[in-house]
Each structure stands twice: as C-alpha cells, then as structure tokens.
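Me: I have a structure here and would like to go through some of its features with you. Could you help me read it?

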Amino acid sequence: MHPDPEPRWGTVAITLHWTMAGLILALFVLGWTAESWHLSPTKLKLFQWHKSLGLLVLTLVWIRLAWRWTHTVPPIPAGTRPWEARVAIAVHRGLYVLMVAMPLSGWLINSAANIPFKVFGWFRLPDLVEPDKALKAAAQVIHLSLFWTLAAILALHILGALRHHFVRHDGVLSRMLPNTGRRRE
Amino acid sequence: MRGVLVLCLFPAWTHAAQWEVEPQHSTLAFTASWEGEPFEGVFRRFDAKIDFDPKTPERGRFLVSLDVTSADLGSEDLYEGMGEQDWFDFPHFPRATFTTSAIRALGEDRYLAEGQLSLKGIAQPVKLRFSWTGQGARGSMHGDADLLRTDFGIGTGEWAQSDEIGRRVRVRVDLRLRRLGPG
C-alpha cells in the first residue's frame with residue numbers, strides 16, 4: 001500500500017531524461033568529429049549542429065529542473081546504504097550542474113572567439129563577453145575538463161542504473177523506462 | 001616610397017587634383033556572410049593615391065593599395081582561417097591593389113569608377129560606385145563595390161561550392177582626403 005503516487009517517474013520526466021540522453025550522446029559525437037575535422041564547410045556545419053543542440057540542452061535542463069522542483073520524485077529504495085544514497089544524490093546533482101555548465105562554457109568559447117552563430121540557422125546568439133583570445137583559450141580548457149567530468153559521472157550513473165537492474169533487481173531503472181504495459185512489479 | 005612607385009607606374013599622371021588619405025579618419029571595410037549572417041572586417045593598413053576633380057571626373061584616377069594581412073575581423077579564429085591557402089593565402093599574396101580605368105558622373109555627387117582589382121594574384125574588373133564631396137583642401141569619398149570572392153580564388157576547394165561563407169562580398173570605402181598642393 002502506497003499512499004504516495006506510484007514510485008515511477010512521470011511521462012514528462014521520462015521523456016526529458018531520454019531526449020537529453022540522446023542529445024548528450026549526439027553532442028559528444030558532433031563535438032568530437034567537428035574538432036578533428038579539417039577546416040571546411042563540413043566542419044562549420046558540424047559545429048553549428050553541436051552548438052545548436054547544446055543550447056537545446058541548456059533550455060531543456062531548466063524545464064527539467066522546474067519539473068523536479070514542482071513534483072515529488074520517486075524515493076531512493078528502502079535498504080539503500082547511506083553511502084550509496086549519498087553517491088546517487090551527488091551524481092544526480094553533478095549531472096544537472098554539468099548540463100548547465102557544459103553549454104554555458106561552450107557559449108563562452110563562441111562569444112570570446114567572436115564566431116558569428118545562428119542557433120539552428122534561426123537567430124543570432126547574443127555574445128556573453130567581448131572578443132578575448134585568452135578567455136577563449138581558458139573557456140576551451142574548461143569545456144574540455146567539464147566534458148571529462150561529465151563522462152566520468154555518466155559512467156557512474158549508467159553503471160549504477162545497470163547495477164540496480166541486474167544486481168539489485170529493485171526497479172530503479174524500470175521506473176525511468178517508458179511504461180510499455182508489460183512491466184512486472 | 002609608395003609615391004615614387006605610383007609615379008613610376010603612372011608617368012603620365014595628369015595632376016588634375018591630387019588627394020591623400022587621412023588614415024585615422026578613413027575606413028576600408030568589407031561585409032561578407034557567415035551562415036547567412038553578415039559579418040564585417042576592416043583593413044587597417046591601406047593607402048590611396050587619388051587624382052580627381054568633380055568638374056572633370058573622366059580625367060580622374062585612383063590607385064588603392066592595401067595590406068591584406070592587416071584585416072581585422074574581430075576574431076582571431078576567423079583571421080587565422082582567412083590567411084589559409086584556400087582563402088587569402090597571406091604568405092603568398094599579402095597585397096592587393098585597385099586601379100581605375102574610367103570614371104564617369106552619374107548625376108548629383110555620384111560617380112562610377114571602373115577598374116581592376118588585383119587580389120590573390122588575380123585581376124578582375126570591378127565597379128566602384130561612390131559619392132564625392134569636396135570643399136577647398138578637404139574632401140570625402142564614400143563608395144562601395146560588390147564582388148564575388150570566387151572570382152579571385154578566395155575560398156577554393158569545398159568552399160567554392162558552399163555558401164556557409166557567402167560568395168557575395170561588399171567592399172566599402174569611406175575616405176577623408178586632403179588636397180595635395182595646388183591643382
């Protein structure tokens with residue numbers, strides 16, 4: 001008997017989670033490919049998509065945070081050890097911080113480098129700062145460092161989810177999966 | 001030094017009315033486009049020998065000489081790209097010149113100068129529309145010319161077929177001039 005709502009993530013949260021998971025993967029592939037591509041129109045296009053999708057993440061993450069602040073989220077399962085709960089909370093907070101910080105640091109690079117850029121070829125992105133070569137170099141270091149941090153935290157996040165599913169069998173992963181109707185519980 | 005060079009190139013210079021550019025009050029700029037967005041660059045170092053009398057425009061002549069590597073695009077990244085071989089190829093072609101062959105009046109204070117722009121080792125005809133105002137020893141000229149970067153081999157290879165960086169470029173000149181000696 002649960003007086004609380006069913007301990008599942010809502011449709012909005014699930015949609016946002018998997019949309020952004022896909023976007024982050026696409027951002028990684030686009031960013032890495034663009035960076036290593038020779039200077040050509042293709043390189044510019046790859047960067048344009050990378051930047052546009054990054055700004056989409058920056059927009060969606062606020063919607064996601066707003067959803068979180070206005071909804072009850074499924075509880076950490078009973079029987080979780082305190083250190084595990086602390087790691088889980090830290091990983092989730094880290095992911096939210098990075099989903100904001102990554103696009104912002106990219107935006108900073110673009111502004112400091114003073115590259116004209118239209119989001120999805122649609123509107124000109126305002127510049128955060130004046131052109132500044134040193135700041136651009138610093139922002140690039142930050143962007144790359146944040147990327148490695150994100151990769152590490154994501155690895156923990158994914159390993160944690162798989163452990164819940166295959167080792168603990170506690171439904172923590174299932175409650176973030178779309179409800180296909182064939183879920184046992 | 002450049003004056004000597006100009007005299008050698010134009011021994012039959014008519015001396016209708018010679019003007020020199022006041023660099024700190026003059027601009028040589030261009031507008032290109034990046035993913036459809038206009039962006040502007042300026043050339044910091046250029047010089048112009050101008051022989052022009054609005055009463056006899058057909059006898060006028062301009063020789064503009066510029067240091068292509070003095071381009072300021074407001075972005076180090078863009079500047080580096082601009083110097084590449086596919087683009088302006090700074091190491092091989094640091095200079096460009098524009099020499100008029102004919103100037104005619106268009107009415108009011110408007111004129112049209114036809115000439116050759118030599119850029120990246122390629123000379124092509126270019127038309128410069130300009131307005132001229134002069135009073136005593138002071139003059140000013142405002143003009144613009146439209147050109148296709150690909151005519152000059154600017155942006156070769158994949159860039160030639162792409163409008164990521166637009167093919168159309170507008171060059172703009174705003175000169176403040178001082179008359180040299182009596183005409």
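This is a predicted model: local features need pLDDT of at least 70, side-chain atom pairs count only at pLDDT 80 or more; totals for chains, interfaces and linings use all residues.

Me: Which element gives the largest share of the side of chain B that touches chain A?
Reply: Two residues are in contact if their C-beta atoms, placed from the backbone, lie within 7 Å. On that basis, 16 residues of chain B are in contact with 15 residues of chain A. Helices (H or I, at least four residues) and strands (E, at least two) are DSSP runs, numbered from the N terminus. Strand S3 (37-43) and helix H2 (76-82) of chain B each give two or more residues to this side, and the largest share, four residues, comes from H2(B).

Me: Which residue stands opposite B:Trp132 in S10(B)?
Reply: Two strands pair if DSSP finds at least two bridges between them. S9(B) and strand S10 (residues 138-148) of chain B run antiparallel, joined by seven bridges. Across from B:Trp132 stands B:Met141.

Me: Which residue in the hairpin of S8(B) and S9(B) takes a positive phi?
Reply: Strands S8 (residues 110-119) and S9 (residues 122-135) of chain B pair in the antiparallel sense over 10 bridges. Their hairpin has two residues between the strands, and the positive phi, near 55 degrees, belongs to B:Lys120.

Note on methods:
Residues are numbered from 1 along each chain as its sequence is written. Chains are lettered from A and ligands numbered from 1 in the order in which they are written.
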